Amino acid sequence: MGVGSIFDGADVRAEFEKAGINTHFIPFIWKYVIKNPNCEWDEIPDLPSAAYSLLRSKFKTSTSSVDSVINSNDGVTTKLLVKLQNGAFVEAVIMRYDTRLGKYCGKPRPGGPRSTLCISSQVGCKMGCKFCATGSMGFKNNLSSGEIVEQLVHASRLSQIRNVVFMGMGEPMNNYSALVEAVRVMSGPFQLSPKRITVSTVGIIHAINKLHKDLPGLNLAVSLHAPVQDVRCQIMPAARAFPLEKLMDALQVYQKNSKQKIFIEYIMLDGVNDEEQHAHQLGKLLETFDVLWTYLNDFKVVNLIPFNPIGSLSQFRTSSEEKVLRFQKILRGVNNIRTTVRKQMGQDISGACGQLVVNLPDEKKPTNLGVTDIEDLVSRR
């Protein structure tokens, strides 16, 4: 086994405790490494002598490296290809926004520039969603919590990251312990509050049931993609293990305990799940939340995602803009559900949602994942 990452929080704490070193030094070490990425352990001041010996023998300031950085012609999207200690690759994507360019209630939005980072939790994915290129890779391995956090470390050297979304490669809830530990580290030296971190899942019910207790205040996004079980199983084989009725029950309990919004992600597939009947079915499905949460304003958000073909792997077609807008109109007008259409970023570097798949490093084929700025979805109607 290789030397561990200093950002593997649980392992670092365990080793410090085993050596009898006070763990209150750990956040200080993290902050120093973030500000001094190429530092040697001996350069960190004011640590106990035993800590230097432990750090040299057990941990690295970084176990991963940035293999390439590709900027989109849109000027706001950057893709990082990150090489892990085992030689595998994952991607992280920086998406920059300026709220002043948009409008809120007909007036210019307050605020200014900010960046959202989309990160990966696994190499490949075992969920096998038929509209997603990542699933075609199969599952390779889980990332450690340190490897997850290091994506944020690398990105922070290029842009000040304000929000993090777990919407890259992999199913975060299938790497639950590393996810929890990574978020806890992010909430420390990076000073990212849980409300600025969003985890996307296909609906791993047993993980959703314990998420609020382990990570209170976190934002949850659910890749629903169909309003009925049979259609969902058709495009998401893993949905067979998580029946829609049980998933919705779990989401109700989660929302009751967390008082948090739930983001519903819905990819638009022509002739599969984008008809008017599907919009009405989705609206009806989400009405179940109204019974419990009528006093919560804007407690659920549906994000419609135009499908992006994935080359020879694609068996679906993109819904027309007319269909997407009609679908949105039904959810908004009939069901009074806040519904957005995902804006894709970095399309010139194959930056569309669902196209995230790592090629061999010598191919250097750029990919990326576009997402509507999560902060606007969280904070504004």
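This is a predicted model: local features need pLDDT of at least 70, side-chain atom pairs count only at pLDDT 80 or more; totals for chains, interfaces and linings use all residues.
Residues are numbered from 1 along each chain as its sequence is written, and side-chain values use heavy atoms, with hydrogens and water left out.

**D42 and helix 3**

D42 is located in the loop between helix 2 and helix 3. Helices (H or I, at least four residues) and strands (E, at least two) are DSSP runs, numbered from the N terminus. With a relative accessible area of 52%, D42 is exposed. Buried means under 20% relative accessible area, exposed over 50%, and partly exposed in between, computed with a 1.4 Å probe on protein chains only. D42 and R56 are separated by 14 residues in sequence, and their C-alpha atoms are 8.8 Å apart.

The arc is that of the directions from the helix axis to the C-beta atoms. An α-helix has 3.6 residues a turn, so residues three or four places apart point the same way.

**The chain as a whole**

The chain contains 13 helices and 16 strands. It has 381 residues, of which 57% count as buried. Among the contacts in the chain with a separation of 6 or more, 67% are between residues 24 or more positions apart.

**Helix 12**

Helix 12 (residues 321-333) has 13 residues and spans 18 Å from its first C-alpha to its last, close to the 18 Å expected at 1.5 Å a residue. The expected span is 1.5 Å times one less than the number of residues. Which residues of helix 12 are buried? They are K323, V324, F327, Q328, I330 and L331. Seen along the helix axis, they fall within an arc of 160°, so they line one face of helix 12. On the other side, E321, E322, K329 and G333 are exposed. The cover over the buried residues of helix 12 includes strand 14 (262-268), helix 10 (276-286), strand 15 (300-306) and strand 16 (338-341).

N336 lies in the loop between helix 12 and strand 16. Its phi is near 55°, a positive value in a residue other than glycine, and N336 is exposed, with a relative accessible area of 58%. H225 also has a positive phi, near 70°, and is a residue other than glycine. H225 is placed in the loop between strand 13 (219-223) and helix 8 (229-235), and at 5% relative accessibility H225 counts as buried.

**Aromatic rings and charges**

A search of the whole structure finds 3 aromatic pairs. Rings of Phe, Tyr and Trp (its six-membered ring) pair if their centres lie within 6.5 Å; planes under 30 degrees apart count as stacked, over 60 as edge-to-face and the rest as tilted. Two of the pairs are given in the table.

| Pair | Centre to centre | Angle between planes | Class |
|---|---|---|---|
| F7 and W30 | 6.5 Å | 20° | stacked |
| F307 and F316 | 6.0 Å | 85° | edge-to-face |

A charge sits over a ring if NZ of Lys or CZ of Arg is within 6 Å of the ring centre and within 35 degrees of the ring normal. The charged end of K126 sits over the ring of F139, 4.6 Å from its centre. K210 lies over the face of Y176, at 4.5 Å from the ring centre.

**Cysteines**

A disulfide is a covalent bond between the sulfur atoms of two cysteines; the cut-off applied is a pair of cysteine sulfur atoms within 2.5 Å. The structure holds 0 disulfides. The sulfur of C129 lies 6.3 Å from the closest cysteine sulfur, in C132, too far for a bond. C129 counts as buried at 13% relative accessibility, and C118 counts as buried at 2%.

Key:
Contact means heavy atoms within 4.5 Å.
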